[in-house]
Number of protein chains: 2
Amino acid sequence: MSASYLRRGLDRPAVFELFARHLPPNRDWLLAAGLGPSLRLITELRFGPEQLAYLGSIGFEDEFCDYLSGFRFSGNVDAMPEGTLCFAAEPLVRVTAPRIEAQLVETLLLNQINFQTMIATKAARVALAAGGGEPGAAASVIDFSPRRDHGIDAAMKVARSAAVAGVEGTSNVAAAMRYGLEAVGTMAHSYVLSFESEPQAFRAFLEDHPERGVLLVDTYDSLRGVENAAAAARETGVPLAGIRLDSGDLLELSRGARRLLDEAGLAETRIAASGDLEERRICELVAAGAPIDLWGVGTDLGTSRDSPVVNGVYKLVADAGPAGGWRDVAKHSPDKATVGGAKQVHRRIDGGRMAGDTIVAAEEEAPGEALLVPAVRKGEIVRREQLASVRARATDQLRALPDALRLPEPGAHPEPYPVELSPMLARRAGLSSAPG
Amino acid sequence: MSASYLRRGLDRPAVFELFARHLPPNRDWLLAAGLGPSLRLITELRFGPEQLAYLGSIGFEDEFCDYLSGFRFSGNVDAMPEGTLCFAAEPLVRVTAPRIEAQLVETLLLNQINFQTMIATKAARVALAAGGGEPGAAASVIDFSPRRDHGIDAAMKVARSAAVAGVEGTSNVAAAMRYGLEAVGTMAHSYVLSFESEPQAFRAFLEDHPERGVLLVDTYDSLRGVENAAAAARETGVPLAGIRLDSGDLLELSRGARRLLDEAGLAETRIAASGDLEERRICELVAAGAPIDLWGVGTDLGTSRDSPVVNGVYKLVADAGPAGGWRDVAKHSPDKATVGGAKQVHRRIDGGRMAGDTIVAAEEEAPGEALLVPAVRKGEIVRREQLASVRARATDQLRALPDALRLPEPGAHPEPYPVELSPMLARRAGLSSAPG
């Protein structure tokens, strides 16, 4: 497509928007993530000699390869900052650039934003579950996902996306180093099995980790393991930071463990749980009052197994004509129609709570906060955010989300969050109602 | 754990095995993949000054950081070659190495093998669907997944894993370049919308791509689009390689498109389909006789949405005592018990079909082919395979798989493929029956 555009001089500015047509199953909102890594990728995108030789070898003309050899994204990006709650049909990213540039960054943007938004959303839900539906419990969740993530880069981005949602403890030490997160580890069963007996293993681990000893107690029998852990703490004189339960009935076992620890004078020792933990199971355990302080979540955090796809698309919505004026562009395929024109999203807040969003034409005035903000101007990143400020935004937004939408029961169908088109956009789209 | 092992001199050889305790939902077999990239990662694993400084800053002692500064995997790996069909409880990878080394490569191995095996399995199923349940139709499937993959590295590995299963066409040009696959592209709706009319867009694309013009026909109306495509081929004199349907009733539309193309003398023009295609939908369309020649599969290929996790684990099964003899190691946690001792898998073939696997002790003699083969010896890779030979193995193995297991109807529960423990292992495990 780009080669054809170049040959025909079709490289005037165009506007593309990235949005999800529908919310994924089991999701009532999305938590935007992935913008930071995306902006780096698109502003650093270059084509080197090896790539150009390959493209030539599969049939691309010299003229196009010459164009690519000097490629550098020179356009503008407006986007919802990471940690913003968003909904179906709302543009998360808007790219305004010469058509070829806007086209060549499409896959990078979709590849980053779809995935990382999915993970941040899942992590936010897991953290809400750990807090019994209230935001602010993210510190009790730990990313245990690397062994189920889709490669090394995916594991790094899962840790980062979870941190967008406030989950900053991770077993991924490389991610902790790169993103300034907290490296958290306990021990594996193989550690216990590497010693003659569990008491011997526990004593060794506490002696070697006097400040961070969390002992895995289920290699043989969980409650016997808790007793052995308490004994090891007594015998070594090392305070027992925590014990970890990884199998069995976590409600029963956590109660039993808490009782044994308290009886041993270890009221400060924390109880960690892991083992295929998922948001529903965590909700149930929290509701039942399970005395669990830390939740290690792996598979479900890293794969969002109950809703493993955010289906964002990237669509041409406007382009500049030969005379310079803008033309709205829309597609009419069945079930896949798009609304033409560059758009903005305004959010109304009422009494500290999100009251409704309106998708407006980018040039329209509208009440409420405009969610898309300048991120790149003329190819330069103009907005760089620390993870700490992203996390603060996510926490604020989750606090402002209507209660009914935070973490509905499975099968519950709360009233969807209101998102409407402005009258101007609705007329333009030939629609009289809000997007589905 | 490793720091503790080092401090205590617990670095004698140990054996770890990677296996899935259970097959994932909706899966009757797995197609092993990811070994090639894994072996590179574990043999190239090093710790640099920046990493060591970080580890020191979070509390690791100098002695351990010194150890890591000279780290280099020196052990042995035995593994099922990529493209091998495998089942629950069967070790896919066996690592024999000093305990610390074997421990430090755990997450890398799990991160690579779980993900890539999941994708290769899914790609094999999609290709079977395209072939109406018969192997050999993989060439009609194209990887359209990058926009839904979990980052750039994941997109590369999805393309590679799909190629393990025989799917060698990909829209991922970078992966085509790296792995020697076929770069396949059509056009997007935005291309059509970039012109004044669909006929004008189609003529332009054919003129600019005289050898690979596949026209997307559903921007306005699919069958009208097919007519416009045929007219564009006639007017430009460029043979129409294909048209792509991306929405609507694909059975109805593919029939209508075939008729229109045939009437226009374009019997050679191929029909490609895309748009949230999934193995079940492909099965239905193939069974109904839809005249679709190429299947572009994105989301479901890249995320394996109907079964998004392969739950492989990595377990200590044996270690060397101070006197040098080997000791079997097993874990007894509820539902998570392991069988101790280094293992091998033997497969019996009967009349060209797979007749049953036996998991045996590594030192046992047994009939049938031994599936785990030497991959690394003393830290050096001793087995490097071209994708072509991996693909040939996968095709052979899928041909040998019992028909009932190839692609069962949803809800069907065919007799599972027989996998049993050898009598020696069963005794060792205290089990009298096969693993679940």
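Modeller: Chain A has an open sheet of seven strands in the order 8-7-6-12-11-10-9, paired in parallel. Strand 8 (182-183) and strand 9 (214-216) of chain A stand at the edges, each with a single partner strand, so one side of each has no neighbour in the sheet. This is a predicted model; local features need pLDDT of at least 70, side-chain atom pairs count only at pLDDT 80 or more, and totals for chains, interfaces and linings use all residues. Residues are numbered from 1 along each chain as its sequence is written, while chains are lettered from A and ligands numbered from 1 in the order in which they are written.

Biologist: How do you know that strand 6 and strand 12 of chain A pair?

Modeller: Pairing takes at least two bridges found by DSSP. Strand 6 (residues 141-143) and strand 12 (residues 294-297) of chain A run parallel and are joined by three bridges. They pair, therefore, by that definition. Ile142(A) stands opposite Gly296(A) of strand 12.

Biologist: Why is Tyr314(B) called buried?

Modeller: Buried means 20 or more other C-beta atoms within 10 Å of the residue's own, with C-beta atoms placed from the backbone; 12 or fewer is exposed, and in between is partly exposed. Tyr314(B) has 23 C-beta neighbours inside 10 Å, so Tyr314(B) counts as buried. Tyr314(B) is found in strand 13 of chain B.

Biologist: What is Tyr314(B) in contact with, leaving aside its neighbours within four places in sequence?

Modeller: Contact needs C-beta atoms, placed from the backbone, within 7 Å. With those neighbours set aside, Tyr314(B) touches Phe16(B), Leu18(B), Glu106(B), Leu109(B) and Leu110(B).

Biologist: How do you know that the span of helix 11 of chain B agrees with what it should be?

Modeller: The expected span is 1.5 Å times one less than the number of residues. Helix 11 (residues 222-236) has 15 residues, so it should span 21 Å; its end C-alpha atoms are 21 Å apart, which agrees. Its buried residues pack against helix 10, strand 9 (214-216), strand 10 (242-245) and helix 12 (250-263) of chain B. Gly237(B) follows the helix, with a positive phi near 70°.

Biologist: What makes up the side of chain B that touches chain A?

Modeller: In chain B, 61 residues are in contact with 61 residues of chain A. Helix 6 of chain B gives the largest share of that side, six residues. The residues of this side of chain B divide into 25 nonpolar, 19 polar and 17 charged. Ala, Val, Leu, Ile, Met, Phe, Trp, Tyr, Cys and Pro count as nonpolar, Asp, Glu, Lys and Arg as charged, and the others, Gly among them, as polar.

Methods:
Contact = placed C-beta atoms within 7 Å. Helix = DSSP H or I, 4+ residues; strand = E, 2+ residues; numbered from the N terminus.
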